[in-house]
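Open the model in your viewer and keep the selection tool ready. The stops below are meant to be taken in order.

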Protein chains: 2
Amino acid sequence: MATLKVPAQVPSPDQDSEQLRKAFQGWGTNEALIISILAHRNADQRKLIRGTYAATYGEDLLKDLQKELSSDFERAVLLWTLDPPERDAYLANEATKRLTSSNWVIMEIASTRSALELLKVKQAYQASFKKSLEEDVAYHTSGDFRKLLVPLVSTFRYEGDEVNMKLAKSEAKLLHGKIGEKAYNHEDLIRILTTRSKAQLSATLNHYNNEFGNAITKDLKADPGDEYLKLLRATIKCLTYPEKYFEKVLRLAINKTGTDEWALTRVVTTRAEVDLQRIAEEYQRRNTGPLDRAIAKDTSGDYKSFLLALAGNDD
Amino acid sequence: MATLKVPAQVPSPDQDSEQLRKAFQGWGTNEALIISILAHRNADQRKLIRGTYAATYGEDLLKDLQKELSSDFERAVLLWTLDPPERDAYLANEATKRLTSSNWVIMEIASTRSALELLKVKQAYQASFKKSLEEDVAYHTSGDFRKLLVPLVSTFRYEGDEVNMKLAKSEAKLLHGKIGEKAYNHEDLIRILTTRSKAQLSATLNHYNNEFGNAITKDLKADPGDEYLKLLRATIKCLTYPEKYFEKVLRLAINKTGTDEWALTRVVTTRAEVDLQRIAEEYQRRNTGPLDRAIAKDTSGDYKSFLLALAGNDD
């Protein structure tokens, strides 16, 4: 469930464009006005506003926002305003660049989006960067990370809910065997995680748990400091229980010395229209106090107001 | 260029359906009538005929064809009548089955279709078989074949014609190094072939040829009997010069003791609407005599008439 709140009566894209234009003009920027508009429009509405803004003023709304805003607030507003596939393409590209490289962001996008959403990310990626997401991920990763990430971003996963129980049992056994041998990068282990449908994978992992007495993620904790094993566990969580994965990303981003705004902004902007409500419920269950209170405590100014608005709480 | 000949005045789908229905009725089947219709309709027209036939007679045209026809002629008509993505999905699924398994067919479909065509094949595959093409290919292949085929069917390849020459040079060198070490299954060699755009790959392979004095396919002939190396060379041909690849498949299918009808039917039905004209030109250049004469010499009856009609020669 989304946390985004769209008013019952939405102004026309013309009116919204005009108000945004006003917010940019004069002495100083009217950040509150920008938040009151953009943080309360869904993806389709934001797209219409961008189109209308460009047609009316001959300027790109994103470029104007970039000029007017700064730092964490700027990044949050820009990411939010982008169309979801464009936004994911942008984040994925950033994740293949040296200074901002992140196996986690690549894994997260590949594992938590639907097959059709991921396809749209690939199309947006090609339109923006004139190359494929797959070639960039394959080129900029290496070793076990590459072995896992390339098929993860490449597969057009089946999304039906049919389950082959015989296969689930044989593959659970196969996984248990490989993990017993500490063959965490074995091609069959990677094949199962990266190509099976989420429904089939859940059946396999449930059988694993029932048959062998431990959740697979527990058995994958042999060496808690191993970065590849961490990513493998996170991948399994993303594929089977994404809210729990995102809850943990938020928890780690907030509850540390110095907030990780990069992660906080990414999760809030990419999930506000999808499942931030469910993530917040997980957060509440796992921590003392609600998510919005924790965000409010750790952030300030316009950035704080914007995130809280997306999280459904801007009283 | 296609060889398919569609008449200037195409009868309506209603008329075609009625004629096909007539061809099935009475004593014996009217094969000539079936050929005169189906072998002269393009994919869109055949789809309309199937729809109209089902709506009018409450039967599936494919099932009726299956009942009326037999052997090689039956297979050719059925494959041809299928919508191209459905047909490829059918062929690819067959290629993962034990008795009809074929790494070549998987490679051919993955390498010679456009990115969007391959995506449609994946969608048709999921609709028909309730699982993904990727998981079946990954599950039913092994060793070096799996290493090559899984990314080959998975990547949504970029199709723009931009070329990064610096990258082409560095990757040509990388390929040459790996081939020098006989590391034919090296992950970088496979990464380059399976993820780079066809334009980029051509630039890389041209540079390879210019810089190192041999075509890469020649350097990959170290062990002519090695099945993996054969598939690797064929993959490169499919990606850079598909007409040549298909010419060779036809040449080997025809010029042997006992025709390989399986391959002949596949190439003629999948390419008649695409590039069979170009393939026939390659054939003429590489062999003594034209392709249609060779097909006529090696086949007979309705099967022969049907293939020749698709090849643009049914006088």
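A residue is called buried under 20% relative accessible area, exposed over 50%, and partly exposed in between (1.4 Å probe, protein chains only). This is a predicted model, in which local features need pLDDT of at least 70 and side-chain atom pairs count only at pLDDT 80 or more, while totals for chains, interfaces and linings use all residues. Residues are numbered from 1 along each chain as its sequence is written, chains are lettered from A, and side-chain values use heavy atoms, with hydrogens and water left out.

**Stop 1**

Select Glu86(B), which is partly exposed at 29% relative accessibility. Glu86(B) forms a salt bridge (a side-chain nitrogen of Lys or Arg within 4 Å of a carboxyl oxygen of Asp or Glu) with Arg50(B), and their closest N and O atoms are 3.0 Å apart. Glu86(B) belongs to helix H6 of chain B and Arg50(B) to helix H3 of chain B, so the pair ties together parts that are 36 residues apart in sequence. Helices here are DSSP runs (H or I, at least four residues), numbered from the N terminus.

Next select Lys47(B) and Asp83(B), whose side chains meet in a salt bridge (3.3 Å, N to O). Which of these is exposed, and which is buried? Lys47(B) is exposed, with a relative accessible area of 51%, whereas Asp83(B) is buried at 17%.

**Stop 2: a pair in chain A**

Select Arg278(A) and Glu243(A), a salt bridge with closest N and O atoms 2.8 Å apart. Arg278(A) lies in helix H18 (residues 276-286) of chain A and Glu243(A) in helix H16 of chain A, so parts 35 residues apart in sequence are tied together. Arg278(A) is partly exposed at 24%; Glu243(A) is buried at 13%.

**Stop 3: where the chains meet**

Now show both chains. The contact (heavy atoms within 4.5 Å) takes 28 residues from chain B and 28 residues from chain A. How many salt bridges are there between chain B and chain A? The count is six. For one of them, select Arg196(A) and Glu135(B), whose closest N and O atoms are 2.8 Å apart. Then select Glu135(A), Arg146(A), Glu171(B), Glu187(B), Asp188(B), Arg191(B) and Arg196(B), which are linked in a network of salt bridges.

Notes. Helices (H or I, at least four residues) and strands (E, at least two) are DSSP runs, numbered from the N terminus.
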